[in-house]
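User: I am new to this structure and would like to learn how to read its features one at a time. Could you take me through a few of them, giving the general idea before the particular case?

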Amino acid sequence: MAQTRNRWTIYLKQLRHKNRSVYMTWMLSYASVLLVPILISGVIYGATLNVVKAEINRANQSILLQMEQAIDSQFKGIENLSLEVSLNRRIAAFISADTNLSDSDHYDVYQIANDLRVYEIANDFLEGIYIYYKNSDTVIARNNRMNIEALYEHIRLEEHMPFQSLREYFDQGYIKGYHSVVVSEENEWRPTVMYAQNVNSTIMNQSGAVLLFMIDRSKLLEQASAPEKGTIFILDKDNRFIASTGDSLSEPALLYSDMSKESGQLEIETDGHRLVASYTTSSITGWKYVMTLPANVYHQKMNVVEQLTIASILLCLIVGGGVTYWLLKRNYLPIHALIQSLSFKAGFTFDRGSNEYSFLEQALSSTFHEKEELHYKLNQHNNTLRSHFLQRLLKGQLDSHIPLHESFSAYDLRFPLGGFSVILLRIEHFGKFHRKDEDEDQVHNKRLLHFLIANVVEEVARKSVNAYAVELDQELLACIVNHQLASPTEQRVELGHIAEETMSFISNHAHVQLTAAISAQQEGEYGIFQAFQEAIEAMEYRIIVGSGGIIHYGDLSGNDNLGAAPGGYFYPLKVEQQLIVMVREGQLDKAKAFVGEIIQKNVTKEPFPFHTAKCLMFDLMATLQKVIGEIRIAGKPDMPDGVRAIERLMQCQTVGEMRSQLYDMLELLCGYVNNNREYCSNPLIDKVMKYVNEYYQDENLNISMIGEAFSMTPSYVSKLFKELAGESLLDYINKTRLVQAKLLLIGGKYTVSEISLKVGYNDVNTFHRIFKKFEGITPGRYREVK
């Protein structure tokens with residue numbers, strides 16, 4: 001190989017030496033005929049492009065500045081109008097009103113609403129004005145009066161903001177500025193713009209008011225003259241669209257933070273299309289006024305200049321190439337003769353018409369590449385053979401006639417110390433490396449993850465000991481750790497640190513969950529097989545202690561007997577009958593606690609093999625299967641499916657997961673029992689229920705009214721209903737009303753206040769409180785989620 005390389009080097013030197021005049025002639029002709037015209041064309045091209053680009057940028061900035069001045073002028077008018085509104089005597093005087101409004105206060109509300117109508121007409125950009133008085137919790141608009149809760153149902157800073165956030169916003173000491181908000185319109189939230197300013201009270205320690213000016217966002221860009229195929233939009237500091245001349249206000253093409261200057265231009269790429277964005281910043285609101293153009297439209301004029309330049313360069317290349325070819329042909333015949341001679345001696349075929357120097361470079365590169373490829377294949381096979389050897393070493397399947405130290409030397413394995421342990425790492429979840437649909441990518445990702453884990457555990461272990469990692473199957477890797485013989489406590493700490501650091505690194509960087517099983521230490525190379533078996537036994541015990549942790553073989557109580565026949569578990573017939581009774585009576589809390597005691601009593605039994613744990617869990621699920629047959633009610637399609645519960649239980653890999661499945665089944669069964677509990681047959685109870693269903697809309701319906709209707713004392717009819725129906729009479733009345741209320745809320749025809757009156761609640765606050773008590777959410781929120 002060295003002789004071949006030296007021979008080629010000598011040939012190249014001779015070739016360059018003999019044809020120095022050819023190179024000089026070629027360089028001079030190329031420089032004179034080609035390079036000078038190309039350089040001149042390039043300079044002209046660059047200058048022309050700069051001029052065209054400057055003119056386009058100046059035109060774009062002019063459009064944005066005109067739009068900014070027009071909008072900012074309207075905003076200044078709104079701010080002046082807000083000052084005029086705050087100085088209105090009636091508006092300022094109403095700040096002192098409290099929550100109990102008098103007749104004169106109601107008249108002032110009417111007068112203020114009339115004033116607001118006049119102010120709204122004064123500015124075309126306004127679509128509504130609201131005044132929130134903190135002291136009286138009153139919100140006044142031109143045609144409406146409400147409280148802050150009703151305002152929350154109509155206006156929000158964000159669609160899903162909680163009510164408390166809106167109250168905290170109004171409780172600020174100083175409010176002044178523009179906000180992008182959403183308003184409710186036909187059960188949908190529509191984005192718009194709001195200018196808010198507070199009005200302070202002249203009386204010390206008295207809450208003031210807040211003015212809210214709702215700006216018609218459609219008029220912001222009404223006068224904007226966007227160029228053809230261009231888009232103009234306004235972006236606030238929170239990267240939200242304020243307005244746009246386009247069809248959509250979805251995700252912005254660029255972020256507010258990308259535009260760090262007051263004005264400028266940048267080029268971006270979105271959805272596979274390149275755009276050129278020009279922007280400027282409002283001095284009043286801080287908003288970004290942005291105009292985007294497709295890059296091909298923006299560069300249209302520059303492309304014409306570019307095409308002309310390319311045409312001139314091509315012309316130079318054609319003319320110069322012809323002259324150069326003529327000059328080179330006169331002096332290149334000696335080089336051709338040398339290449340023919342070299343190709344014959346080197347053993348490579350030279351293709352006529354190809355580049356001679358490329359031929360020489362290719363010949364040398366081919367030789368060196370062949371050598372590197374052979375070396376790579378040798379190393380690759382060596383890694384595969386070493387992995388196969390380590391697998392057989394762990395499983396005790398090595399050939400006995402070959403000494404171990406010779407095999408170690410052949411595969412470059414070094415075990416200088418006398419102690420050996422095995423760390424097993426099981427992949428519980430593939431995290432970032434998981435792919436659902438692409439099978440080939442999934443196999444590649446698994447291999448990549450195994451490679452990553454193996455390198456990490458080796459790197460961590462080799463800080464203090466010698467270690468080698470090997471893949472056993474798709475989910476299991478083993479690491480052979482060679483260490484000094486030490487006390488079990490010291491060795492436990494060292495191996496635990498290796499496993500913990502490896503799991504932490506993989507979890508933080510790849511979001512992959514691992515379970516580690518660590519064997520006890522063994523002496524000598526032949527103890528590796530015993531250490532591997534101990535690690536396997538420890539890993540099997542993960543069904544008891546759960547996944548995602550570190551299991552030491554020494555922590556397995558009674559580990560000398562783990563392979564023995566199981567001694568059974570505690571779950572006698574009497575205990576099973578007690579569980580059946582609890583479930584049949586719908587006692588969920590007692591049943592959960594009872595099952596937990598059974599599992600705890602058996603799992604803590606020393607020893608408790610994982611096969612026995614599975615048997616116990618299936619026995620408990622079989623008990624719940626019996627309960628399903630006993631409590632099944634004809635015509636009830638919502639009966640829990642026991643077969644699917646068994647299937648889910650079989651997929652569980654730990655006792656904790658099995659216990660969760662049992663608890664879920666208990667909740668379904670007890671819920672089924674409680675929801676379908678049969679009432680005792682009693683004509684009086686049926687009449688009471690029928691009476692409640694007929695008069696639930698009456699706001700006076702209560703226990704006393706029902707007692708008078710049936711000529712009984714209220715306490716007696718309430719007690720009798722509780723005993724026979726299983727729930728209080730007052731709860732039954734509220735549930736009947738709420739059933740109707742939910743139907744009306746879903747229909748969307750009436751407001752919450754109107755629905756409250758229709759189902760028998762004259763106070764909407766009472767309706768809110770009872771609805772949230774039984775349903776867990778407010779009526780307004782229930783309407784949104786449904």
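**Reading the features**

Analyst: Let us begin with burial: Arg156 has a relative accessible area of 3%, and because buried means under 20%, Arg156 counts as buried. Please keep in mind that this is a predicted model.

User: Which residue forms a salt bridge with Arg156?

Analyst: The partner is Glu784, and the closest N and O atoms of the two are 3.1 Å apart. Glu784 lies in helix 27 (residues 779–785) while Arg156 lies in strand 4, so the pair ties together parts that are 628 residues apart in sequence. Glu784 itself is partly exposed, at 34% relative accessibility.

User: With which other residue does Glu784 form a salt bridge?

Analyst: Arg781 also forms one with Glu784, with the closest N and O atoms 3.0 Å apart; these two residues both lie in helix 27, separated by 3 residues, which is about one turn of the helix. A network of salt bridges links Glu153, Arg156, Arg781 and Glu784, and the search of the whole structure finds 11 salt bridges.

User: How many bridges join strand 6 to strand 7?

Analyst: There are 7 bridges between strand 6 (residues 188–199) and strand 7 (residues 209–215), which run antiparallel.

User: And at what angle do helix 24 and helix 26 pack?

Analyst: Two packed helices are described by the angle between their axes together with the distance between those axes. For helix 24 (residues 729–747) and helix 26 (residues 764–775) the angle is about 95° and the axes are 10 Å apart, which makes helix 24 roughly perpendicular to helix 26. Among the residues making the contact are Leu738 and Leu745 of helix 24 and Phe767 and Phe771 of helix 26. The residues of this contact divide into 7 nonpolar, 1 polar and 5 charged.

Notes:
Residues are numbered from 1 along each chain as its sequence is written. This is a predicted model: local features need pLDDT of at least 70, side-chain atom pairs count only at pLDDT 80 or more; totals for chains, interfaces and linings use all residues. Side-chain values use heavy atoms; hydrogens and water are left out. Two strands pair if DSSP finds at least two bridges between them. Helices (H or I, at least four residues) and strands (E, at least two) are DSSP runs, numbered from the N terminus. Axes are lines fitted to C-alpha atoms, for helices over the stretch in contact, and angles run from 0 to 180 degrees between N-to-C directions. Angles under 35 degrees count as roughly parallel, over 145 as roughly antiparallel, 65 to 115 as roughly perpendicular and the rest as oblique. Contact means heavy atoms within 4.5 Å. Ala, Val, Leu, Ile, Met, Phe, Trp, Tyr, Cys and Pro count as nonpolar, Asp, Glu, Lys and Arg as charged, and the others, Gly among them, as polar. A salt bridge is a side-chain nitrogen of Lys or Arg within 4 Å of a carboxyl oxygen of Asp or Glu. Buried means under 20% relative accessible area, exposed over 50%, partly exposed in between (1.4 Å probe, protein chains only).
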